[in-house]
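These are my notebook entries on contacts and surface features looked up in one structure. I began with the charged pairs and then turned to the rings, the surface and the record.

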Amino acid sequence: MTIRDEHIFEATKDLYSWALRRVPDDTKAALSRARETETNETARKTLNMMLHSAMAAESADRYVCSDAGVPVYVVRIGTKADWNANIKSAIRAGFEHLVETIDPPLLKHVTNPLTLERGYHGKDMPIITYDLIEDADYIEIVCSPKALGSGRWAAMELFTFPTLETIETYILDVAIKAGSQHCPPTVMGVGIGGTFDYCAKMAKEGTLREIGQPHPEPMVAAMEKRLYDAVNQLGYGPMGTGGDTTVLGVHINYAAGHGFTPVAVEFNCWINRRSIARIHSDGRIERVE
């Protein structure tokens, strides 16, 4: 069997809904750990409230937050997958089906940036990016809806031959500017190097990394730890209530480039929306997360 439009449609019509109703396991575990170590009583209560909200949404099959965001998909195509599908059209059809059938209904968050008109549809919606997975015989689709709080405070700056100190100071400045507007504790994704567009892509991929998995290179892992400690010392805390827990993780990716060095920072709010489906070459759809 070959992966066809109907398999893509079937997988993506549910992915968005899953992401809205369930906080990923690694995120619930990180919130739980933070609750145990948090020294601020109000922050502990807020973390406790978040965990109860996550479990309540899961058990009642309801949304964790009313801001469902806009649909964002990352499609990872295995180089050995057997497929013959109009992937973009099938994902769009899956999202349209979801809009018509989902309960409770979605609010109209898709916005035309030129007219500010809002609805369920718009140019280039859903937002879809593509990548390849070497030697894999499946197609993996990640849904990571982007809402206002976490989306608004992303930032990028371009430097020329910056030192590590310059890069880390910029990342910390972005965290200070964001404050608690992005519904902390967040996951910070950071891209360093490459080109303007590739750097933003690396930052996005950083937000999708499982919490608790440091970068495999010790120097980068050490940067992640320094920035994790520094951001948490800012004292914003869960939802801005103060405390030790402003981020659950700082995930850095980097790539070689020219002398100019872009640095991009992106946030995922405390819900850390992320759902993943894998479509195997035999047409079987596996829910990964």
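**Entry 1: salt bridges.** I looked up K13 and found that its salt-bridge partner is E10, with the closest N and O atoms 3.4 Å apart. The model is predicted, and I read each contact with that in mind. K13 and E10 are 3 residues apart in helix 1, so about one helical turn separates them. I noted K13 as buried because its relative accessibility is 17% and the limit for buried is under 20%. E10, at 37% relative accessibility, counts as partly exposed.

I then looked up E58, which forms a salt bridge with K28; the closest N and O atoms are 2.9 Å apart. This pair links distant parts of the chain, with E58 in helix 3 (residues 41-60) and K28 in helix 2 (residues 25-37), 30 residues apart. I recorded E58 as partly exposed at 31% relative accessibility, whereas K28 counts as buried at 11%. Which residues are linked with K28 and E58 in a network of salt bridges? I found R22 and D25 in that network.

My next pair was K201 and D131, a salt bridge in which the closest N and O atoms are 2.8 Å apart. K201 belongs to helix 7 (residues 196-208) and D131 to strand 4 (residues 127-133), 70 residues apart, and the pair links distant parts of the chain. I noted K201 as partly exposed at 26% relative accessibility, and D131 as partly exposed with a relative accessible area of 29%. My search of the whole structure gave 22 salt bridges.

**Entry 2: aromatic pairs.** I counted 2 aromatic pairs. In one of them, Y16 and F95 have ring centres 5.5 Å apart and planes at 65 degrees; edge-to-face applies to planes over 60 degrees apart, so I recorded the pair as edge-to-face. The pair links distant parts of the chain, Y16 being in helix 1 (residues 5-21) and F95 in helix 4 (residues 87-101), 79 residues apart. I found Y16 buried, with a relative accessible area of 1%, and F95 buried, with 4%.

F159 and Y170 form an aromatic pair that I also recorded as edge-to-face, at 5.5 Å centre to centre and 70 degrees between the planes. F159 lies in strand 6 (residues 155-160) and Y170 in helix 6 (residues 164-178), so this pair ties together parts that are 11 residues apart in sequence. I noted that F159 is buried, with a relative accessible area of 18%, and that Y170 is buried, with 12%.

**Entry 3: charges over rings.** I looked up R152 and found its charged end over the ring of W153, 4.1 Å from the ring centre. I also found R287 over the face of W18, at 3.9 Å from the ring centre.

**Entry 4: a surface patch.** Which residues form a nonpolar patch on the surface? I found L158, F196 and F260, with about 290 Å² of accessible area together. F260 is in strand 9 (residues 260-268), and I noted this residue as partly exposed at 35% relative accessibility.

**Entry 5: the record.** I consulted UniProt, where an unreviewed entry places "domain: Fe-S hydro-lyase tartrate dehydratase alpha-type catalytic" at residues 10-275. In the model, I found the end C-alpha atoms of residues 10-275 to lie 14 Å apart. I recorded the span as 41% helix and 21% strand.

Terms used:
Residues numbered from 1 in each chain as written. Predicted model: local features only at pLDDT ≥ 70, side-chain atom pairs only at ≥ 80, totals over all residues. Heavy atoms only, no water. Patch = residues over 30% accessible without salt bridge, like charges linked within 9 Å, V, L, I, M, F, W, Y side chains within 5 Å. Areas by Shrake-Rupley, 256 points an atom, 1.4 Å probe, with all protein chains shown as cover. Salt bridge = Lys/Arg side-chain N within 4 Å of Asp/Glu carboxyl O. Helix = DSSP H or I, 4+ residues; strand = E, 2+ residues; numbered from the N terminus. Buried < 20%, exposed > 50% of the residue type's maximum accessible area, 1.4 Å probe, protein only. UniProt positions renumbered as here; feature names shortened; annotations may be inferred. Phe/Tyr/Trp six-rings, centres within 6.5 Å; stacked < 30°, edge-to-face > 60°. Lys NZ or Arg CZ within 6 Å of the ring centre and 35° of its normal.
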